[in-house]
Amino acid sequence: MPALHDVSLTVESEEFLALLGPSGCGKSTLLNLVAGLTAPSAGGVHLEGEPARGRSATAMVFQEFALFPWRTVQANVEFGLEEAGLGASERARRARAHIQLTGLAGFESKYPHQLSGGMRQRVGIARALAVDPAVLLMDEPFSALDAQTRQLMQEELLAIWERTRKTIVYVTHNIHEAVFMADRVVVLSRRPGRVLTMIPVALGRPRTEAMLGEPAFLAAVDRIWSLIRSQAQAALREGEA
Amino acid sequence: MSTRLPVPDRTRALERRGHPVVRVASLVTLVLLWELVTGTGWVQPLFLPSPLDVLGTGFEMLRSGELVGHVITSLRRIVLGFGLGALLGVAVGLAVGFWSLAEAVGNPLIAATFPIPKIALLPLLILWVGIGEASKVAVIMLGVFFPMAINTFAGVRTADPLLIRAAVSFGAGRWSLIRKVLLPSALPMIFAGLRLGAGTALLLLVAAEMIAANSGIGALVLNAQNLMETTKLMVGIVLLSLLGICSHWLLARLERLALPWRSHS
């Protein structure tokens with residue numbers, strides 16, 4: 001069975017788009033397609049506009065962080081810049097700027113195993129932002145964190161987004177998270193994944209914790225849950241983890 | 001009336017302590033026993049000289065310059081053979097671990113030649129490269145090459161696929177991947193291979209020097225036995241054990257330097 005079927009999706013510049021769906025709906029596959037980490041069996045992914053020099057098309061933030069354990073925070077953040085062929089001083093400058101941006105100042109020479117989960121994912125975010133990607137891809141970036149840390153990291157990511165206005169494609173299976181973070185939520189069906197619906201989130205920016213109680217927030221969450229409830233139940237019965 | 005039962009600590013039997021005094025005492029006792037059985041004349045010096053005699057003879061040989069020659073010769077052989085074998089082993093292990101074609105070519109060859117006891121190849125190596133230094137270095141090199149190649153290969157294969165994907169997602173090419181992900185991933189296994197190889201190298205050094213050499217620690221030990229100079233023989237054995245301890249210590253230092261992310265401070 002294909003992971004995805006007949007998915008057509010356009011992401012606008014500076015948009016924060018959430019991909020939401022039950023387990024095994026192919027949302028991670030979709031993200032890997034955009035990152036060039038999986039080849040589609042049919043169809044394609046295209047970026048509009050000329051590729052700028054010294055800029056990546058995409059950069060990925062991984063659920064399990066995927067930091068290099070033998071590299072310090074600084075060296076991890078510099079990894080993508082090395083592969084882009086930047087000189088040592090330019091690398092150090094850009095890495096420092098993104099270490100500042102993600103609240104990692106003072107941890108430059110620490111190794112990943114010396115950091116908490118939240119701090120590790122900050123490194124993952126800094127590493128991805130440092131290559132100045134046209135699209136930032138995030139694959140359930142906070143789902144490995146505890147609930148409190150996750151809430152704080154969501155707010156920090158939103159603050160970073162307010163400052164950088166990156167185009168973000170954010171994969172999650174958490175409805176509250178998707179609605180709280182995104183401008184638009186794309187709801188996928190279970191495998192083979194199709195786009196069930198796209199829901200624009202009618203919440204202002206910057207987002208604050210208080211908005212979690214607003215009628216617009218609750219209405220969007222309810223609408224999405226009613227859409228994917230049966231899908232999730234079917235997935236549960238199939239025993240798909 | 002209710003009774004209060006104390007909960008026993010069930011992990012008692014699992015407790016492991018350092019016993020620092022016992023550690024030193026066990027070593028000291030061995031030397032004392034050795035001195036006791038030899039000093040009292042209970043064991044003839046021809047079969048086992050006393051530790052003090054061994055120490056004295058050792059200093060004499062050091063002063064006369066006899067020892068220095070043997071040690072330098074042996075060190076040169078082992079350092080060259082070990083270094084070349086390790087470099088070659090890591091290179092082959094990385095290649096076989098990364099390219100499927102290299103694995104298809106290399107793995108059957110390694111599997112077929114690995115079980116040969118390397119010392120059996122010494123006569124052949126002497127035929128090929130002469131009885132000089134090259135044959136001794138070559139046999140040590142062969143002995144070190146196999147554990148290094150096999151361990152490096154295993155280390156590369158156990159590299160976390162997630163880290164490989166992460167590197168690729170940032171545009172890493174083949175060489176970047178090998179240098180920045182596969183090699184560091186394999187380093188712990190490479191160091192295990194180095195420790196294994198160090199033991200093999202010492203064994204092959206002594207064997208080769210006993211078979212076909214007139215200098216080196218192995219030759220010293222064999223000659224001393226021929227001349228019934230058991231004290232000199234023991235000096236050679238003590239030297240070899242020191243060499244083993246030193247190489248172990250050096251590798252441990254090197255490992256801490258090369259793997260700073262593994263020190264849990």
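**Exercise 1. Work out how helix 7 and helix 8 of chain B are oriented to each other.**

Step 1. Start with what describes a helix pair: the angle between the axes and the distance between the axes. In this predicted model, the axes of helix 7 of chain B and helix 8 of chain B come within 10 Å and cross at roughly 135°.

Step 2. Now sort that angle. Over 145 degrees would count as roughly antiparallel, and 65 to 115 as roughly perpendicular; the rest, apart from angles under 35 degrees, is oblique. Helix 7 of chain B and helix 8 of chain B are therefore oblique to each other.

Step 3. Find the residues that touch. Helix 7 of chain B brings B:Leu163, B:Ile164 and B:Ala167, while helix 8 of chain B brings B:Ser176, B:Leu177, B:Lys180 and B:Val181. Sorted by class, this contact of helix 7 of chain B with helix 8 of chain B has 5 nonpolar, 1 polar and 1 charged residues.

**Exercise 2. Describe the side of chain B that touches chain A.**

Step 1. Get the counts: 12 residues of chain B are in contact with 18 residues of chain A.

Step 2. Look for the elements behind them. On the chain B side, helix 7 (161-169) and helix 8 (174-211) each give two or more residues. Helix 7 of chain B gives the most, with 6 residues.

Step 3. The complex gets an ipTM of 0.91 and a pTM of 0.88. Chain B has a mean pLDDT of 94, and 98% of its residues reach 70 or more.

**Exercise 3. Find out how domain 1 of chain A meets domain 2 of chain A.**

Step 1. The assignment gives domain 1 as 1-41 + 134-241 and domain 2 as 67-133. Taken over C-alpha atoms, the centres of these two domains of chain A are 25 Å apart.

Step 2. Count the contacts: 12 residues of domain 1 of chain A are in contact with 10 residues of domain 2 of chain A.

Step 3. Stay on the domain 1 side. Strand 3 (135-139) and helix 5 (147-164) of chain A are the elements giving two or more residues there. Helix 5 of chain A gives the most, with 5 residues.

Step 4. Finish with the classes. The side of domain 1 of chain A that touches domain 2 of chain A has 9 nonpolar, 2 polar and 1 charged residues.

Notes: Residues numbered from 1 in each chain as written. Chains lettered and ligands numbered in written order. Predicted model: local features only at pLDDT ≥ 70, side-chain atom pairs only at ≥ 80, totals over all residues. Domains from an automatic or database assignment. Contact = placed C-beta atoms within 7 Å. Helix = DSSP H or I, 4+ residues; strand = E, 2+ residues; numbered from the N terminus. Nonpolar A, V, L, I, M, F, W, Y, C, P; charged D, E, K, R; others polar. pLDDT = per-residue confidence, 0-100. Axes fitted to C-alpha atoms, helices over the stretch in contact; angles between N-to-C directions.
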